[in-house]
Amino acid sequence: SEQLVVWAMRRWLHERVEAGEQPGLSLSHCIEEPLVTACGLEQGERAAVGIAAFMTLLCASSRQARRLHRLECTGVSVDECLFLSIIAALQAGDRFLAQGRLVWLMPAPVAAIAERNLQMAADALTAGDRHLPQRLGGHA
């Protein structure tokens with residue numbers, strides 16, 4: 001499940017760069033297929049929309065540059081671990097942890113919207129029986 005989410009974030013970013021970083025571009029369609037395969041049609045589409053919306057907000061509002069590895073990389077960046085830990089916290093019902101990490105990433109008003117987007121993705125992944133593990137220290 002973690003690999004699926006990391007791949008979706010990396011793929012979204014790759015497609016955004018390829019598309020010329022157009023403002024307001026959703027790109028959820030470019031990450032939908034594997035999520036639908038893993039979670040079913042409805043849940044996969046919801047997960048794709050939630051992840052794409054989060055990534056759009058992150059690129060527009062992050063307090064600093066974030067590092068995601070290339071699609072083919074087998075390692076996971078610190079930022080990717082952070083994003084996974086937020087989704088895992090939301091799946092576990094720990095909104096306090098998720099909110100704290102999101103506010104660290106972006107201004108509070110934007111973080112509240114990002115939380116709703118990631119909650120949609122977390123709920124869809126859970127409904128599709130794709131659970132992200134919570135790890136000691138909160139990092140994935």
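In the predicted model, S61 touches L105, M106, P107 and V110, residues up to four places away in sequence being left out; contact denotes heavy atoms within 4.5 Å. S61 lies in helix α3, where helices are DSSP runs of H or I with at least four residues, numbered from the N terminus. With a relative accessible area of 19%, S61 is classed as buried (under 20% relative accessible area; exposed is over 50% and partly exposed in between, with a 1.4 Å probe and protein chains only). Residues are numbered from 1 along each chain as its sequence is written. Because the model is predicted, local features need pLDDT of at least 70 and side-chain atom pairs count only at pLDDT 80 or more, while totals for chains, interfaces and linings use all residues; side-chain values use heavy atoms, without hydrogens and water.

The largest nonpolar core comprises 42 residues, among which I31, L35 and F54 touch the most other members. Such a core is a set of buried Ala, Val, Leu, Ile, Met, Phe, Trp, Tyr and Cys residues joined through side-chain atoms within 4.5 Å. Two or more residues are given to this core by each of α1 (2–18), α2 (29–39), α3 (41–61), α4 (78–91), α5 (95–105) and α6 (108–127). Beyond its neighbours within four places in sequence, I31 is in contact with W7, A8, R11, W12, A48, I51 and A52.

The count of aromatic pairs comes to 1 (ring centres of Phe, Tyr or Trp, the latter by its six-membered ring, within 6.5 Å; planes under 30 degrees apart are stacked, over 60 edge-to-face and the rest tilted). The rings of F54 and F83 have centres 5.5 Å apart and planes at 75 degrees, so the pair is edge-to-face. F54 in helix α3 and F83 in helix α4 are 29 residues apart, and the pair thus links distant parts of the chain. F54 is buried, at a relative accessible area of 1%, and F83 is buried with a value of 1%.
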